[in-house]
Amino acid sequence: MAYFLIVLVPALIIGTTVYFTRNWVPTSLPTIVAWTAAWLISMVLVTVLYLGLIHRPNAARNQDSKEAEQNKGEDQQD
């Protein structure tokens with residue numbers, strides 16, 4: 001689900017921007033600024049979604065497994 005959101009959110013933002021600017025001259029300054037802003041916002045959201053949905057849960061899971069290994073090692077020493 002997380003990967004789906006990471007792909008869907010920027011696709012919707014960029015696709016919507018391109019749709020609304022479809023009649024604009026592609027080389028005009030407002031078009032370039034709008035497309036660049038849409039891309040930048042999309043990349044920021046992808047980063048936030050990645051950190052919130054994938055990186056943080058994996059980091060917590062890795063920390064839990066390290067603690068379990070340390071506890072297992074301490075139990076074997078006793």
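Student: Which backbone oxygen lies 2.8 Å from a polar atom of the side chain of Ser-42?
Tutor: This is a predicted model, in which local features need pLDDT of at least 70, side-chain atom pairs count only at pLDDT 80 or more, and totals for chains, interfaces and linings use all residues. Residues are numbered from 1 along each chain as its sequence is written, and side-chain values use heavy atoms, with hydrogens and water left out. Ser-42 lies in helix H2 (residues 29–77). The backbone oxygen at 2.8 Å from its side-chain polar atom belongs to Ala-38.

Student: Is Ser-42 buried or exposed?
Tutor: Buried means under 20% relative accessible area, exposed over 50%, and partly exposed in between (1.4 Å probe, protein chains only). Ser-42 has 0% relative accessibility, so the residue counts as buried.

Student: Which residues does Ser-42 touch, not counting residues up to four places away in sequence?
Tutor: Contact means heavy atoms within 4.5 Å. With that sequence exclusion, the residues touched by Ser-42 are Pro-10, Ile-13 and Ile-14.

Student: What is the angle between the ring planes of Tyr-19 and Phe-20?
Tutor: The structure holds one aromatic pair. Rings of Phe, Tyr and Trp (its six-membered ring) pair if their centres lie within 6.5 Å; planes under 30 degrees apart are stacked, over 60 edge-to-face, and the rest tilted. The centres of Tyr-19 and Phe-20 are 5.5 Å apart, and the pair is edge-to-face because the planes stand at 65°.

Student: Which residue lies over the face of Tyr-19?
Tutor: A charge sits over a ring if NZ of Lys or CZ of Arg is within 6 Å of the ring centre and within 35 degrees of the ring normal. At 4.1 Å from the ring centre of Tyr-19, the residue is Arg-22.

Key
Helix = DSSP H or I, 4+ residues; strand = E, 2+ residues; numbered from the N terminus. Polar contact = N/O pair within 3.5 Å; in protein donor to acceptor, adjacent residues only side chain to side chain.
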